[in-house]
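This report looks at one helix and at backbone angles of interest. The sequence and the structure come first.

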Amino acid sequence: MRGRANEAIGGIKLPAIIRTEGLTHVYSEGTPFRKVAVGNINLEIEQGGFVGVIGHTGSGKSTLIQHFNGLLKPTSGKIFVDGVDIWENKQDMRKVRFDVGLVFQYPEYQLFEETVYKDIAFGPKNMGLSEDEVDKRVHDAVRFVGVSQDLLEKSPFELSGGQKRRVAIAGVIAMEPKVLILDEPTAGLDPKGRDKILSQIKEYHEQQQNTVLLVSHSMEDVAKFASSVLVMNNAGIYAHDSIQNVFSRVDELEKMGLSAPQITKVFYKLKQKGFPVDSDVFSVKDAKNQLQKMLSRGDSGKC
Amino acid sequence: MLKDITIGQYFPGESFVHKLDPRMKIVLTIAYVVMLFLTNNVYGFIISVGFLVLSYSISRISFKMILKSLKPIVPIILFTAILNLFFVNGDPLFKWWVISISAQGVKLAVFMSLRVIFLIAGTSLLTYTTSPIELTDGIELLLSPLKKVKFPVHELAMMMTIALRFIPTLIEETDKIMSAQKARGADLESGGIVQRAKALIPILIPLFISAFRRAEELALAMECRCYHGDEGRTRMKQLQYSWRDAFSFILISVLIITVILINMFIKTGSF
Ligand SMILES: Nc1ncnc2c1ncn2[C@@H]1O[C@H](COP(=O)(O)OP(=O)(O)OP(=O)(O)O)[C@@H](O)[C@H]1O
Ligand SMILES: [Mg+2]
């Protein structure tokens with residue numbers, strides 16, 4: 001495992017913060033449109049991890065994550081958050097929602113307040129926190145997502161798309177959830193903005209030592225920021241493993257309509273051609289190191 | 001939850017009923033309703049029910065869907081039944097204080113409830129087997145003679161098409177916004193009326209904003225494709241009557257005539 005938090009305690013397995021048992025969700029049961037969106041899923045998400053969730057369109061990612069905070073009720077199966085079955089006691093559901101924060105796909109549609117400040121404060125206020133605490137959390141949250149303080153008194157509808165997205169994410173971060181789940185937080189943003197938001201989330205994760213689940217279609221982003229990957233395929237879990245183990249199965253991923261990061265594919269091909277390189281290269285930085293090593297050894301003579 | 005609303009839900013298919021011309025289907029539905037209201041006799045009723053069962057079987061729409069379509073109107077059925085039960089005069093079967101129930105009352109209560117049930121079941125089949133677009137096309141064409149008196153048939157049909165098209169979208173959007181606000185701890189289920197009304201604000205505002213945005217985008221997209229109303233507009237799919245329509249038309253005519261004859265000549269089992 002490359003997970004920072006895990007290394008810190010020397011590889012001892014931490015208790016699972018989220019665990020599912022035979023989780024199944026069927027949409028439109030009893031009609032001709034019946035659709036098993038997730039089928040019989042057993043998984044454990046470790047406390048403190050940064051997990052990338054990938055899978056082709058319609059593989060059930062969004063459906064799966066909406067079970068983790070009780071927004072969707074499983075057709076069958078159980079979900080445990082912090083060891084507690086969340087559907088056992090429905091009165092405690094709101095507490096589960098504060099512990100497991102979920103940022104939806106295109107979250108900017110949820111903005112509604114007059115000012116950015118009030119909108120971010122919506123979640124913390126629902127938690128029943130004091131004014132001072134709410135104020136502190138709002139300011140912390142905007143700092144984490146990189147929204148300038150001057151925007152706080154503006155109407156959220158006057159912001160640009162990217163700013164709206166950040167404010168919406170801040171609205172969830174301000175609840176300081178133990179688990180932060182983001183469903184394609186960077187869809188439709190420019191590459192620079194994407195990188196910035198994700199770096200900020202990563203930084204936040206490192207400071208807070210919380211658990212983050214990042215649903216993404218970009219293998220590059222997952223390889224760069226996550227410590228482990230959950231691969232979904234046709235309503236089931238195909239793999240749940242470290243970045244190395246998953247992305248080294250380039251051929252299998254391709255068959256599923258996914259692909260490893262481009263740079264990984266380049267190195268995979270290089271290795272197949274007989275160059276002395278490792279194939280577990282997931283970022284351009286890794287690649288640079290590898291190439292430098294190879295060139296300095298001077299055994300690139302084959303080409 | 002919100003998704004369980006089935007009124008106006010279309011189930012695509014390839015059956016005889018699906019392939020009928022939407023104009024004919026509307027006419028048939030109206031004829032079926034007329035037949036139901038002409039019926040005042042058990043035998044006539046059997047004909048209507050037979051026609052309904054036949055249509056559902058041919059269209060391969062599950063009979064469960066009838067129950068689903070009836071769910072929202074259960075109160076209306078109960079209300080009709082109770083009204084008939086207590087307020088129809090006749091030989092009392094049962095008397096207590098000011099309440100009296102007569103044999104005629106019971107008969108009428110059963111008959112009226114069945115009539116409403118079959119009415120809903122029959123008209124639901126129209127929306128189960130006809131896509132909203134076909135349906136509005138059919139209505140537009142059926143009403144087109146009214147254009148002569150400057151009635152804006154096309155505009156109305158277009159408005160209906162758009163409204164129908166956006167109902168599922170808006171329902172989906174409401175679901176999504178509700179989920180997003182619930183994820184931020186919005187409490188929609190508890191509290192008094194005032195509190196609940198207040199809890200709707202975080203849902204209604206984003207919903208309105210997105211509805212307006214969608215309307216604007218749609219208007220723009222239509223203008224970009226040179227939409228300018230009815231004049232000179234042609235259709236990609238011309239509706240065409242076929243043997244199926246002729247056959248169904250003859251069938252329902254025969255059935256209606258039979259019902260009328262039964263009413264006139266058979267006096268047993270009438271209501
Ligand atoms: N509300 C719904 N009603 C019926 N079917 C649904 C609903 N939501 C999703 N589905 C179906 O369930 C399946 C899984 O959908 P889901 O949204 O979980 O996929 P996803 O992996 O998040 O895809 P994407 O990458 O496109 O976001 C899809 O086949 C979809 O058609
Ligand atoms: Mg999704």
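How many residues does helix α5 of chain A have, and what distance does the helix reach from its first C-alpha to its last? In this predicted model, α5 of chain A covers residues 131-145, which is 15 residues.

The buried residues of α5(A) are Val134(A), Arg137(A), Val138(A), Asp140(A), Ala141(A), Val142(A), Phe144(A) and Val145(A). An α-helix has 3.6 residues a turn, so residues three or four places apart point the same way. After α5(A) comes Gly146(A), with a positive phi near 75 degrees.

Most residues other than glycine have a negative phi. Tyr106(A) has a positive phi although it is not a glycine, and Cys226(B) is likewise a residue other than glycine with a positive value.

| Residue | Phi | Relative accessibility |
|---|---|---|
| Tyr106(A) | about 50 degrees | 37% |
| Cys226(B) | near 60 degrees | 58% |

Where do these residues lie? Tyr106(A) is placed in the loop between β6 (100-103) and α4 of chain A. Cys226(B) sits in the loop between α9 (193-224) and α10 (243-265) of chain B.

Tyr106(A) counts as partly exposed because its relative accessibility is 37%, whereas Cys226(B), at 58%, counts as exposed. The cut-off for exposed is over 50%.

Conventions: Residues are numbered from 1 along each chain as its sequence is written. Chains are lettered from A and ligands numbered from 1 in the order in which they are written. This is a predicted model: local features need pLDDT of at least 70, side-chain atom pairs count only at pLDDT 80 or more; totals for chains, interfaces and linings use all residues. Side-chain values use heavy atoms; hydrogens and water are left out. Helices (H or I, at least four residues) and strands (E, at least two) are DSSP runs, numbered from the N terminus. The expected span of a helix is 1.5 Å times one less than its number of residues. Buried means under 20% relative accessible area, exposed over 50%, partly exposed in between (1.4 Å probe, protein chains only).
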